[in-house]
Amino acid sequence: MARSLGKLHSLYPASSFVSPARTIGTSLQLPTEAQVIVCGAGIVGNSVAYHLVQNGLTDVLVIDKEKIGSGTSHFSSGTLGLFKPTPTREIIMNSIKLYRQLQEQGYDIGLRECGSVNLAQSHERMIALRRRMAYNIPSGLHCEVVSRTDLLKLHPLLNSDDLEGGIWVPEDAVAQPQAICHALAALAQAGGAKYVEHCELENILINNRKVYGIKTSLGTVKCEYFVNSAGMWARDLGLKSTPRVAIPAYPAEHFYAITDQFEVKPNLPCVRDFDSSIYTREFNGGLLVGGFELEAKPAFTDGAGIPDNWKDRDTADWAHFKPLWEKAVHRIPDLSKAGTPHLLSSPDNFTPDGRWVIGEAPEIGNYLVAVGMNGNPLEGGGGIGRAVAEWIIEGEPTQDLLLFSVQRFLDLHNNRQYLQQRTKEVVGRHYAIMHPMQNEYKLARKLRCSPLYSVLERQGAVFGTRMAFERPLYFDTSKKHWDQPAQMPPGTFYKPKFFNYMQEEYLACQEGVGIIDMSSFSKILIKSNGPSVLEYLQRLCSNDVNIPVGGIVHTGMQNERGGYENDCILVRQDKHCFFMVSPTSQQTRVFEWMRSHLDPDGSVTLKDLTSMYTVINVVGHKARHLLSELSNSPVNLHSFTYKKLNVGYASNVLVMAFTHTGEPGYCLYIPSEYALHVYDRLMKVGRDYGARNIGMLTQRFMRIEKFIPFWAEDLNSETNPFETGSGYLVKLDKQEYFIGKYALKRQKKVGVTKRLVMFSLDEVDPDKDVWAWGGEPIYRNGEFVGTLTSAGYGFTVNKLIGLGFVRKPGLLAKNKKINPETDYIITPDWITDPTATYEIDIAGHRTVAKPHIYVPNFTMAIEDEKQGRSYRPTVLKTAV
């Protein structure tokens, strides 16, 4: 039986729509001004308003084009699952804490901590669940592995015959989204927030790239901050300003089947059967069955947008949902006795990578975004509302939200056709096994390609994407690929099936010449007509960038706390002109951060040149000889300098004396029209030097072995140079003030409370055992002290290695006051104490690890022996 959402109320008890402690009063009277305007009165918007007034900011206006809770918060599964990756889990935990408070205050929100069973039908799935369990346990989440017999005790309705086992999470819960939505609105209003319903936003008013008001169907309101929490209308709302705000989120039809009442106990645990793409929960005496199908249906694809009567559409597609229902009946056979279920389609926003979209829009200051709930606004709504409110009050985020930043996207991600294609795939990935480095999207690809894409594809390149840029991950050289491009084999948590290709690529970098297409890096030209550009960069950079023309400097850009906002290189091309290279994922974020620090006089200009150059790393001890032959002149460049050379017939190729691998070599910045020619000459002439294509995964492993941290993994706004071993790049004695200088001065004086450490996993057999991939907990003498932030294989030493931050155990204890000047300072002696035993938990198995605070001597010694020389590579810590 299919139902429209307009008839949904009959499926809820009346208490679901009543806030017993307070009633909501709305007004048709629009104020003339408000400090903060929130557009969208769903769970997220009401949570933002609630947390603002709770923190004393009461001049808040919430508007909605319909009524409170009438949008995408109208209905969802009502499940609250904590068994998630750590950053996501922390926000969901804040949601649950908030909902507990509402329950304690007398609101009938239907909150029940019924727990959940997370099922595995395969060995590979069980490894995935054990890995997730390993990094959740240190954070305080109670979860345990359960057998098929235990699963039946927890959930007697299950068919467990084909299961490997599962994970029991007793703190997982269910609640009624509509009731929570109204309770938050009532409390926000009681705290001073004003609500105006049936108020449609027409335009965002901008002055000097900052919000100063909105124009609505009921009038104009001035404001200081604007929050877009408009759910599936958020993307269209982003287009109602100049400049437009890109909010890449698009609704998919999200299906639920609800049975009539039968013998189901109220506290029956939720079931997440990942391999069947389904979940179930108790609902009004029956069961609710939902799913994340492998090929989803984008909503509203007729080009007319979201109609006003969208709830009255009868879009329940039984033929589409039937495979999921059949799997649900297999898992819970009693469903076959429950009669024909009510099938609902409740569209909800999904983002291109399946993560929430939070933060300040790069296009407009004081315009904050809180959207992209990916099928469950209840889970993230409470915690996201808190994060956005604290951002407004403090002027910056109070927790690490980098994974969810709206600035992780480009404008191209906001293309409607792109979003519709990606939505088909992203829904099903919610329950897919996400094998690290082996989980690339299949749809909405080939959007950004370097000029070398086609020729690399013919040579066996297997591509992955970063910021929609196609990058070769590795090269399958087993056959020619003229007809069919090479494909990545099924993923694994063990040694990758393509590992032998990577090993051959590494050997080419050691014994011949490696050719790496690294065109995806962000490139920005920074210049002025006078000395302003140097003054500007000295203020932003913690290193001294007053270098000679032709010089290159590696520097961080810090925030006031000393944390990284950027890790980059600067090339001084002229007295008043610099060329900056930053990580691929920083293209939007760092450009906007730098623009926000420009002086208003316009004396310094920024220009994004990312697409202007094709970048090729030429890696290896023979790289100099190859380039000398191609340029018909000796290439004798000192480290961290550059010159323009002719390479083959191409003129003005920027040849920079560094690589992104820690290996000797050069980085070529080639005007894109010359790219194919230069690549062709490198490969043809390079045959005599053992030239070979190299993929990004091999480059990644080489960098980990050289102790080079990665942006967004090891480096972020919460880590500083002294914690990552990069203090030598900080020039505290330079005359000019730079952002974060005082914080870093204090850090150097007092010491650090965490330190990035390299671990070698001597007891792991790379050929037989599960690998460490990043995210694994670190234990010291049996106590949790940190987490691996990145991991891989050390080709030189033939063992697994990883990087991770280590803290003293007391620093990680809950509710414990920290005095960084006494007990919690971490020293090299404490880290390398020979009496201490370190272990890494890999999917539930702890293996002994050896710590290193510098690049291990044995790594360098082996390389020196191979090369017959005393060579120390230039280390450049710029992540990709």
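How are α2 and α5 oriented relative to each other? They are roughly perpendicular, a label given here to angles of 65 to 115 degrees, with under 35 degrees counting as roughly parallel, over 145 as roughly antiparallel and the rest as oblique. Before we go on, please note that this is a predicted model, in which local features need pLDDT of at least 70, side-chain atom pairs count only at pLDDT 80 or more, and totals for chains, interfaces and linings use all residues. Residues are numbered from 1 along each chain as its sequence is written, and side-chain values use heavy atoms, with hydrogens and water left out.

**Helix α2 and its partners**

- The axes of α2 and helix α5 (residues 177–190) cross at roughly 75 degrees and come within 11 Å; axes are lines fitted to C-alpha atoms, for helices over the stretch in contact, and angles run from 0 to 180 degrees between N-to-C directions.
- Helices (H or I, at least four residues) and strands (E, at least two) are DSSP runs, numbered from the N terminus.
- On the α2 side, L98, Y99 and L102 meet I180, A183, L184 and L187 of α5, where contact means heavy atoms within 4.5 Å.
- That contact consists of seven nonpolar residues, no polar and no charged; Ala, Val, Leu, Ile, Met, Phe, Trp, Tyr, Cys and Pro count as nonpolar, Asp, Glu, Lys and Arg as charged, and the others, Gly among them, as polar.
- Helix α1 (residues 43–54) also meets helix α2 (residues 86–104), with axes that come within 13 Å and cross at roughly 75 degrees, so α1 and α2 are roughly perpendicular to each other.
- Here I43, S47, Y50 and H51 from α1 touch L98, Y99 and Q101 from α2, a set of four nonpolar, three polar and no charged residues.

**Helices α14 and α15**

- Helix α14 (residues 623–631) packs against helix α15 (residues 675–685) at an angle of about 120 degrees, with the axes 10 Å apart, and the pair is therefore oblique.
- The contact draws on L626, L627, E629 and L630 of α14, together with R681, L682 and V685 of α15.
- By class, these residues are five nonpolar, no polar and two charged.

**Domains**

- The domain assignment, which is automatic or from a database, gives domain 1 (522–608), domain 2 (613–689) and domain 3 (753–852).
- The centres of domain 1 and domain 2, taken over C-alpha atoms, are 25 Å apart, and their contact takes twelve residues from domain 1 and ten residues from domain 2.
- About 910 Å² is buried between domain 1 and domain 2, with 75% of it from carbon and sulfur atoms; buried area is the accessible area (1.4 Å probe) that two parts lose on being put together, summed over both.

**Backbone points to check**

- Most residues other than glycine have a negative phi, and most peptide bonds are trans.
- F640, which is not a glycine, has a positive phi of about 60 degrees and sits in the loop between α14 and β31 (642–647).
- The T242 to P243 peptide bond is cis, with omega near 5 degrees, and P243 belongs to the loop between α6 (234–238) and β12 (250–253).
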